[in-house]
Amino acid sequence: MNAIEVDKLRKTFKVQRNREGLKGAMLDLFKREYNEVMAVKDISFTIPQGEICGYIGENGAGKSTTIKMLTGILVPTSGHLKVGGYVPYAEREKFVQHIGVVFGQRSQLWWDIGVIESFRLLRKVYRVGEQDFKRRLDELVERLELQDLLNRPVRKLSLGQRMRCELVASLLHQPSILFLDEPTIGLDIVVKSEIREFLLQLNKEHGTTILLTTHDLQDIEALCSRVVMLDDGNIIYDGSLDHLKMTWGKGREVKFQFAEQVSEEKLSILTAGLPVVLEVQSEYEASVIVPQDANVSDVIARVASGVSISDLSIEETNTDDIVREIYRTGNADQPSKQGVS
Ligand SMILES: Nc1ncnc2c1ncn2[C@@H]1O[C@H](COP(=O)(O)OP(=O)(O)OP(=O)(O)O)[C@@H](O)[C@H]1O
């Protein structure tokens, strides 16, 4: 069963146009003019129950607008969507029982009261039974190690502590679908990895579907089997991160340092017939770029057979670089032209 179904979804905003100068301002007072901004342009995708899917794109690509439509905050201009079997904006009251939402930049907890009081209020909002609430809370508090924080007011929590409480708040009613908008923003590396581990476990144990919006590609690498990439309101890629790396990555880069002077010609002869690219930095330093499907050890063995090597390192394709390059070109279809000669 699909947790999320989106078909030709569109959202257009009307934005007031401000005319220039005093005369323009006066005109604006009496006769307003508007421009239309199409934030989401007829996108379609489905997410099966139990999948963790990354939803990425540059600032202004349309991610938040999509999430707002999927969570029933915004009404689409056109198109169809179903989340957990419901049309979010039309069946909001029933629908919210099935979803959890965490916006990293906004809190759903009450600032001045103890964390546990916020949780109790949310229990009432979501009409969770007393027994279920207790069982669920105990499980989440233990898992996220919140025992000592429950009686503190939210305003006294660190960002990492607050984010862990936000996650509990979004999960108290045991939703089957969780929307996370920048859940690790501003967190240190330790809290980030705790949260990632928690989400993986949640997905594994409860089969929770997760749609994750983030600018942190480490989140995507750690959590997502699939990534949907948005650019200027259009989906430009929908598939696995591995596939993206295969088609766009330079492959692996073997960096050699030599114990003797080596010419480019000699390196070319040694690596002849291998599908690699040579980049010679100096007489003592060179890199060999090896495509994903070629064997790094063959390359090292060939070079070592003719040259004395003092040091070497192997670097994997950097996902950040790949994604930055795709954002720059706005096209994820084109396979890498680099990497093989
Ligand atoms: N309420 C609104 N009124 C007018 N325009 C809006 C509104 N909300 C979003 N937009 C516009 O829609 C486009 C997409 O914005 P959106 O916030 O969905 O992008 P995003 O991918 O979430 O960006 P970010 O990573 O910065 O959060 C932008 O051009 C934005 O200015």
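Over residues 24-257 the chain is 38% helix and 26% strand, with the end C-alpha atoms 66 Å apart. That stretch is the one UniProt lists, in an unreviewed entry, for "domain: ABC transporter". Keep in mind as you look around that this is a predicted model.

- Where the two touch, six residues come from domain 1 and five residues from domain 2.
- On the side of domain 1 that touches domain 2, helix H8 (217-223) and strand E8 (226-231) are the elements that give two or more residues.
- By class, that side of domain 1 has three nonpolar and three charged residues, and no polar ones.

**Around the ligand**
- Start with the ligand and look for the residues that surround it: Phe13, Val15, Val37, Ala39, Gly57, Asn59, Gly60, Ala61, Gly62, Lys63, Ser64 and Thr65.
- At least two residues of this shell come from each of strand E1 (2-17), strand E2 (33-48) and helix H2 (63-70).
- Helix H2 gives the most, with three residues.
- Sorted by class, the shell has five nonpolar residues, six polar ones and one charged one.

**Helix H6**
- You can check the length of helix H6 (residues 159-171) yourself: at 1.5 Å a residue, its 13 residues should span 18 Å, and the end C-alpha atoms are 19 Å apart, which agrees.
- The buried residues of H6 are Met163, Arg164, Cys165, Glu166, Leu167, Val168, Ala169, Ser170 and Leu171.
- What lies over these buried residues? The cover includes strand E5 (99-103), helix H4 (115-125), helix H5 (130-143), strand E6 (177-181) and helix H7 (189-206).

**A closer look at arginine 196**
- Arginine 196 sits in helix H7, and H7 is among the elements that cover the buried residues of H6.
- Is arginine 196 buried or partly exposed? It has 19 other C-beta atoms within 10 Å, and a residue needs 20 or more to be buried, so arginine 196 is partly exposed.
- Leaving aside neighbours within four places in sequence, arginine 196 is in contact with Asp219, Ala222 and Leu223.
- Glutamine 218 is 22 residues from arginine 196 along the chain, and their C-alpha atoms are separated by 9.7 Å.

Technical notes:
Residues numbered from 1 in each chain as written. Predicted model: local features only at pLDDT ≥ 70, side-chain atom pairs only at ≥ 80, totals over all residues. Near = placed C-beta within 6 Å. Helix = DSSP H or I, 4+ residues; strand = E, 2+ residues; numbered from the N terminus. Nonpolar A, V, L, I, M, F, W, Y, C, P; charged D, E, K, R; others polar. Expected span 1.5 Å × (residues − 1). Buried ≥ 20, exposed ≤ 12 C-beta atoms within 10 Å, placed from the backbone. Contact = placed C-beta atoms within 7 Å. UniProt positions renumbered as here; feature names shortened; annotations may be inferred.
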